[in-house]
Amino acid sequence: MESLIDISLLCLLLLTVCGITLSYDLLASVMLLSIYSLLCASFFVLMDAVDVAFTEAAVGVAISTLLLLSTLSVTGRFEKKQRQQPKLALAVAAFTTGLLIYGTVQMPPFGAASAPIHQHVASYYINQSYGDTGIVNIVTSVLASYRGYDTLGELLVIFSAGIGVLALLGSRMIKDKSPANESIAGTMSEHHILRIVAKVIIPFILLFALYVQFHGDFGPGGGFQAGVIFATAIILYTMIFGLPAAVKLISIAWLEFLAALGVLFYGSIGLLSLLAGQNFLDYKVLAQNPIAGQHLGIFAVELGIGLTVASIILLIFMLFTSQIPKLGGYDEYK
């Protein structure tokens, strides 16, 4: 039965990829990309990688789709027909695909117990992580403690992306209260049912984000997922009530401050470890009991991740949305 589900999901993935490749309608391509991410999340669930599935569903299905739709509202819906056939690009893509397939020939079979990944670090994490950190969720202990350097690097990449978009687009238009800016009202603000439904479900989305943020030690979740869910609630508010109302709720200046605060918070935990004479991000020095220190350190860095991820996603969405009236967006979709 499981093999049948795997084959069905793989066939749906291939059909989705074909649809994305053949479509000139970028709106349809974005929708298909969202479906592709949902199918990938289903695959991760079947492989018992629930944390990865959670992240894929939150980022790939929700946030990426919203950001791509915001971009399309600025750039246009349909892809321009190319005058020349991209034969060279097709040849490069085919050659790369062949190399990738060739590279998998000597790899261990899928799920094989004898695979190198199951012989070294994986067995150590499974057997030792609870004793080292006191955290039930192995994924959280790996991401926030064992490989805290990598996670800090990933957070810096997200922060740099937000700063890059801010530098390119600027926030002057959002802060400006000109008539053009005031016209960025939610196109669905006049629908009373949507307004009421949004007011009902947004508090529950925010509550779920807090649950995911602070329950990551015991189950799937953590700062990345919680930040995305929190940002989704504010984006829903923006879509219903408009950008000016969202900026009144949380200003661009606060988003910039919170994005930097999250990175600073994460880095400060590492500096505290150094000042105590231990390695960078060695949480054991944060409390007299090493296990309590691990709990405190992981809680702090996850909070920093959540702050930065939520702030950067909101910042990018608001900056993209602010460009719509400037470039005459939405008209193509009416």
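Predicted model: local features only at pLDDT ≥ 70, side-chain atom pairs only at ≥ 80, totals over all residues.
How far is the sulfur of C18 from the closest cysteine sulfur, and which residue holds that sulfur? The distance is 11 Å, and the partner atom sits in C11. That is too far for a bond.

Residues are numbered from 1 along each chain as its sequence is written, and side-chain values use heavy atoms, with hydrogens and water left out.

Back to the cysteines. A disulfide is a covalent bond between the sulfur atoms of two cysteines. To count as one, the two sulfur atoms must lie within 2.5 Å. A search of the whole structure turns up zero disulfides. Buried means under 20% relative accessible area, exposed means over 50%, and partly exposed lies in between (1.4 Å probe, protein chains only). C11 is partly exposed at 41%. C18 is partly exposed too, at 43%.

Next, turn to charge. Side chains of opposite charge can pair when their charged atoms come close. A salt bridge needs a side-chain nitrogen of Lys or Arg within 4 Å of a carboxyl oxygen of Asp or Glu. The count by this rule is two. One joins D150 and R147, at 3.9 Å from N to O. The other links R147 with E154, whose closest N and O atoms are 2.6 Å apart. Shared partners tie R147, D150 and E154 into one network. Each member has some open surface. R147 is partly exposed at 24%. D150 is partly exposed at 46%, and E154 is partly exposed at 35%.

Finally, find helix α10, which spans residues 192-214. Helices here are DSSP runs (H or I, at least four residues), numbered from the N terminus. Helix α10 gives the most to a nonpolar surface patch, with nine residues. The patch covers about 990 Å², and its members include I193, F204, F214 and F299. Such a patch joins nonpolar side chains (Val, Leu, Ile, Met, Phe, Trp, Tyr) within 5 Å, using residues with over 30% relative accessible area and no salt bridge. The areas come from the Shrake-Rupley method with a 1.4 Å probe. I196 is one of the patch residues. I196 lies in helix α10 and is exposed, at 54%.

How values were computed
Patch = residues over 30% accessible without salt bridge, like charges linked within 9 Å, V, L, I, M, F, W, Y side chains within 5 Å. Helix = DSSP H or I, 4+ residues; strand = E, 2+ residues; numbered from the N terminus.
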